[in-house]
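Visitor: I have not seen this structure before. Please show me how to read its features one at a time.

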Amino acid sequence: MSMAPTLTGMTAPQLALRLFAEAGEATYAAYVIPAGHAADAIEELRDELGSFPGIAVAVLRPASCAELLRELAGTTADAILIDAARFARPEWLQLDRRRSALARAAVLVFATTPDGFGELMQAAPNFASWIGALAFAYEDPARQQSELRARRLEALRAWAGKSDDDVVREAREGRLPADPEYAEWLVLLGRADLMDPQPT
Amino acid sequence: MTATAANPARKDRLERYRTVRARLDPAGDPAAAMASSYIALPHAVSQRIAAELALSPASSHLLIGGVGSGKTTELLAVQGQLAELDDQILVLYLDVSKHHDIARMVPGAIAVQVGLALAYQLPGDDIRVIVDELERVAHGYWSDYGAEHEPEDVDYRVHTPGILISPEQVEDSVLRALIPLRQLLAVAGRSHAHLVVLLDGLDRMSDMAAFDQLVSHDIKALVDTGIGVVLVGPLRAQYGLDRTIVQRFDSFHHQPWIDVDQSPGGQAFLRKVLRRRVPEDMAGDDGIAALVHASGGVLRDLLALAQAACVEAYLGGVEQIGEREVAVAIDTFGRKHLQGLRPAELEVLQRVRTKGSFVHTSEDDLALLMTRRVLEYRNHHVRHAVHPTIRDLLASLDR
Amino acid sequence: MKLARLQAYTTARQLDLPPRAKQLHHLLRNELLEASNTGAIADTPPEVFRRVVLLSEPPPTVLEELRARSLHRHAYCIIGGEKNQDRDHRIPHFRRSDGAWFDFSIVVREHAGALELLAYDFELRFPPGMGVPFLRYDLNFPHHDNAERDLRCHLHSGSDDMLVPAPLMTPSELLAVFIEGAQPAADRGRRTPTAYEARWYAQTHALARR
């Protein structure tokens, strides 16, 4: 028999959009992130959630459940991202018992590892029921960005009938037209410097 | 004038979604939902409890039910119904776990919380002395748990318990809380003939020995004082050797999950619950029916699935929850619900899925019930099934 | 050179832009999200999020070399929809509720704590009968050629070959023009082309076929 199916994948912007729709009510979510990537992913999510008007975001990094509850008591943001990567079974057990102390009209996102989430599901069934269907696996948008960049360069080459080298050479020689398409082309090649007046 | 300016009342989809979302609120405060959304199940547990307490206000009741089955809602319903049945009964709802780690419950802890809850209901300066005593008793209990209080905030006394706790010490702990509580009862007696306390939160206790001790001391002491008690207890109290705890109560009540596959009445009830919250222009009857079946009769899961389907409709740009939105909600929920399981547990689930057979002989088996991977129905007979959201996912693993 | 003073006037305008490219990206994304929520555009919220993308200069591995050669310029592209030079309706774009559709790209640079708008192109395409086939607002990047400079900021109204001066606008203003502004009046139905227009299009088409 195969292993259990994975969680639905979601990039930080996609998750932020979903959570923004839930803002204002008691919402509990889990974001499952590979070990070692939690800090970056949380910052990414903080950035995305904070981009919406009227959403104040806080990040907590508690070492224990008790520390979390103490810090939560003093936090009043609309969205609270909790780095729970260090939480193991005892923390989830305690969180389940103290679930009532979490209650608030805000979005709480627990960022944890795959193993940590597995422990949550086994040790904290009451809290897990509050999460409902809001559990997702982190997806890195870097690959999509890279593909998009490649597609745009391809489209620019087809439009102009030129190569990247042609464009760079013409820009150096001051012969590159000033169309916005060429500006984008130079940026995607990392040669925005060639938009500056070139020495003759 | 542009076309846009001519149509200033263009509806905001996000606001429309949020209005429905606020009514669903699976993780929200049940008390807030009572007034607008509560629908009583036929033969609801709350009706039986309220009727029994009205006849015998100092009786004790144990309420057990699975996660998300609506126990807190039923307690609040008891509170409302008792108030209508007899205005001489003062009813207090108390979540014991809210300000205290229930893994560290000691004899007297419940009694002192009941005393404090009662004190906050009673007017007058003459009870101030009693409240001070209760707070000293409480802090003595809680002073072991430094995480709960900042030393500079309270009159902090460090209590170092001995290694052995004699039976006399246990009795003494309860008595320390009971003395001020009895004084408060006397004050409450000027306006009410009886006090009933609804104790929530202990369903999450895993230490059955500690739970048994609380029942034997605190609950017994409360009932002996003439206070009616409804206590929400751990699910495991109805299985195996722990069943003896049930006999310490005058009545045992089970808050069931609703057998959506075999109970037309149950299906109708859940459709009504959802329809009270989700207007027709957001979900047609087919969508409602699909959500009811996917919930497995677990009320909280019903609301969570509906919420997920609603957000899919918003994000998908459609005006109504349809087949696609329900399917996505079920898939996302089910994937989450299967996380953390070991191969042996998956095998048990496959057996329940294909044969309906489930015999809980181990802690792992009980955990499958407590985590709602296996649902137990007690309609006319006991029946087991896997949670509907994991059914198809399990089937795909088995190929 | 005759238009130099006009161009200086339009491009000298001080634009109200956030200081970081990421902030501008979020601002535009939120404006399109609001348009989606009110139904002004037919794109769903996830489609908006997928289509409005901030692309920076190449990845760190390449960027290190650029930095080492002082060629790194903190420049970014903010794109809305896929590149669509052939105006192919099948390529992802934004859709207005009346059938008009658009995409855009913006080039900015972060410098001295402020955001500099280097170039943009915003193109809105209309269904038949809605006045013109397309409107495109272009801002060319700064150029040494005077002739190019005079028309750095311009509008193409239905023709890639004809351009007229246009005011420099912020991306938010351009979006507002595209989403709410460039629409036929509600109290006027679509006009049938005048005899002059019909003759002009027929003769233009005949010229193209030769």
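Guide: Buried means under 20% relative accessible area, exposed means over 50%, and partly exposed lies in between, with a 1.4 Å probe and protein chains only. By that rule, 47% of the 210 residues of chain C count as buried. The model is predicted, so local features need pLDDT of at least 70 and side-chain atom pairs count only at pLDDT 80 or more, while totals for chains, interfaces and linings use all residues. Residues are numbered from 1 along each chain as its sequence is written, chains are lettered from A and ligands numbered from 1 in the order in which they are written, and side-chain values use heavy atoms, with hydrogens and water left out.

Visitor: Which helices and strands make up chain C, and how many are there in chain A?

Guide: Helices (H or I, at least four residues) and strands (E, at least two) are DSSP runs, numbered from the N terminus. Chain C has seven helices and eight strands. Chain A has nine helices and six strands.

Visitor: What radius of gyration does chain A have?

Guide: The radius of gyration is taken over C-alpha atoms, and the globule rule is 2.2 Å times the number of residues to the power 0.38. For 200 residues a compact globule would come near 16 Å, but chain A has 23 Å. Along the principal axes, the C-alpha atoms of chain A fill a box of roughly 70 × 45 × 25 Å. Of the 200 residues of chain A, 60% count as buried.

Visitor: What share of the contacts in chain A joins residues 24 or more positions apart?

Guide: Contact means heavy atoms within 4.5 Å. Taking contacts with a separation of 6 or more, residues 24 or more positions apart account for 68% in chain A. The corresponding figure in chain C is 55%. Not counting residues up to four places away in sequence, Leu69(A) touches Arg98(A), Ala101(A) and Leu102(A). Leu69(A) and Ala101(A) are 32 residues apart along the chain, and their C-alpha atoms are separated by 7.1 Å. Leu69(A) counts as buried because its relative accessibility is 12%.

Visitor: Which residues is Thr332(B) in contact with, leaving aside its neighbours within four places in sequence?

Guide: Thr332(B) is in contact with Thr8(A), Ala133(A), Ala135(A) and Phe136(A). Thr332(B) itself lies in helix 12 (residues 323–337) of chain B. With 8% relative accessibility, Thr332(B) counts as buried.

Visitor: Is Arg90(C) buried or exposed?

Guide: Arg90(C) is exposed, because its relative accessible area is 73%. Arg90(C) forms a salt bridge with Asp88(C), and the closest N and O atoms are 2.9 Å apart. At 21% relative accessibility, Asp88(C) counts as partly exposed. Chain C also has a network of salt bridges linking Arg87(C), Asp103(C), Glu123(C), Arg125(C), Arg136(C), Asp138(C) and Asp160(C).

Visitor: What phi does Arg87(C) have?

Guide: Arg87(C) has a positive phi of about 55° although it is not a glycine. Arg87(C) sits in the loop between strand 2 (75–80) and strand 3 (94–95) of chain C, and is partly exposed, with a relative accessible area of 25%. Arg372(B), also not a glycine, has a positive phi of about 65°. Arg372(B) is found in the loop between helix 14 (363–370) and strand 6 (374–378) of chain B. Arg372(B) is buried, with a relative accessible area of 2%.

Definitions and conventions. Salt bridge = Lys/Arg side-chain N within 4 Å of Asp/Glu carboxyl O.
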